[in-house]
Amino acid sequence: YQRRVHGSLAEVTVEGFPLVESLLALADDFAVYSQIREDVLNLTAPYYPHGTGFCDDIHQGRFSMPILHSVRTAAAADRADDKLVRILRQRTNDHTLLKFALALVDRTDSFAYCQGILDELYQRIRNRVDALGGNQQLLAILEKMHGSIPDPKEISASIKSPEGTAAGPNCMNGVQPSPGRPRPA
């Protein structure tokens, strides 16, 4: 049994150890959740909290989850994926082009798609924590993380608003985390 854990390949024998299997499944779900959340925040935060700039994944040509979904979805629709891939290959710092790429990602409902996956993972992590006897501190961290993700409708509105089309890195101004939005039960 091999499992990829935080970027390195770790071989772990877990047959017959259901607690270890459960803990590894929880760690895997949490790692995937954290990565997708980071991908969304990288594209939607004016200045990403980890010191990177506006749309840094696009600037660096990375195929993050929202970008991958957009390219795949657009390929089936109107070939807008070619535009997004060309922008990724340029590794541009041009804010107008970055915002155009962000609009292409938004047009394919990729943020809503990612939100759906995050909601599923959120619920699965909660269920796994509960099945392991609960952990209020871990659940509080998860709640805070999940509450900090901008609502996809607010992202779309911000990208399409007059402020969202202005030059500069603040095209996502006005997009706030939506802690009051419905969460899975």
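**Entry 1: elements.** I began by counting the elements and found 8 helices and 2 strands in the chain. Reading on from the N terminus, I noted the order β-β-α-α-α-α-α-α-α-α.

**Entry 2: confidence.** Next I looked up the pLDDT. The chain has a mean of 77, and 70% of its residues reach 70 or more. Which elements have the lowest and the highest mean pLDDT? Strand 2 (residues 8-11) has the lowest, at 45, and helix 6 (residues 110-131) the highest, at 96. I marked two stretches with pLDDT below 50: residues 5-11, with 9 contacts beyond near neighbours in sequence, and residues 162-185, with 62 such contacts. A reminder to myself: where pLDDT is low, the predicted coordinates should not be read in detail.

**Entry 3: burial and contacts.** The chain has 185 residues, and I found 44% of them buried. Of the contacts with a separation of 6 or more, 66% join residues 24 or more positions apart.

**Entry 4: a helix pair.** I then turned to helix 1 (residues 18-44) and helix 7 (residues 136-147), whose axes lie 11 Å apart at an angle of about 25°. That angle is under 35 degrees, so I can call the two helices roughly parallel to each other. Helix 1 passes helix 7 in a left-handed crossing.

Which residues make the contact? From helix 1, I listed Leu 26, Phe 30, Tyr 33, Ser 34 and Arg 37. From helix 7 come Leu 138, Leu 142, Met 145 and His 146. Sorted by class, this contact has 6 nonpolar, 2 polar and 1 charged residues.

Conventions
Residues numbered from 1 in each chain as written. Predicted model: local features only at pLDDT ≥ 70, side-chain atom pairs only at ≥ 80, totals over all residues. Heavy atoms only, no water. Axes fitted to C-alpha atoms, helices over the stretch in contact; angles between N-to-C directions. Helix = DSSP H or I, 4+ residues; strand = E, 2+ residues; numbered from the N terminus. Parallel < 35°, antiparallel > 145°, perpendicular 65-115°, else oblique. Left-handed = near helix turned anticlockwise from the far one by under 90°. Contact = heavy atoms within 4.5 Å. Nonpolar A, V, L, I, M, F, W, Y, C, P; charged D, E, K, R; others polar. pLDDT = per-residue confidence, 0-100. Buried < 20%, exposed > 50% of the residue type's maximum accessible area, 1.4 Å probe, protein only.
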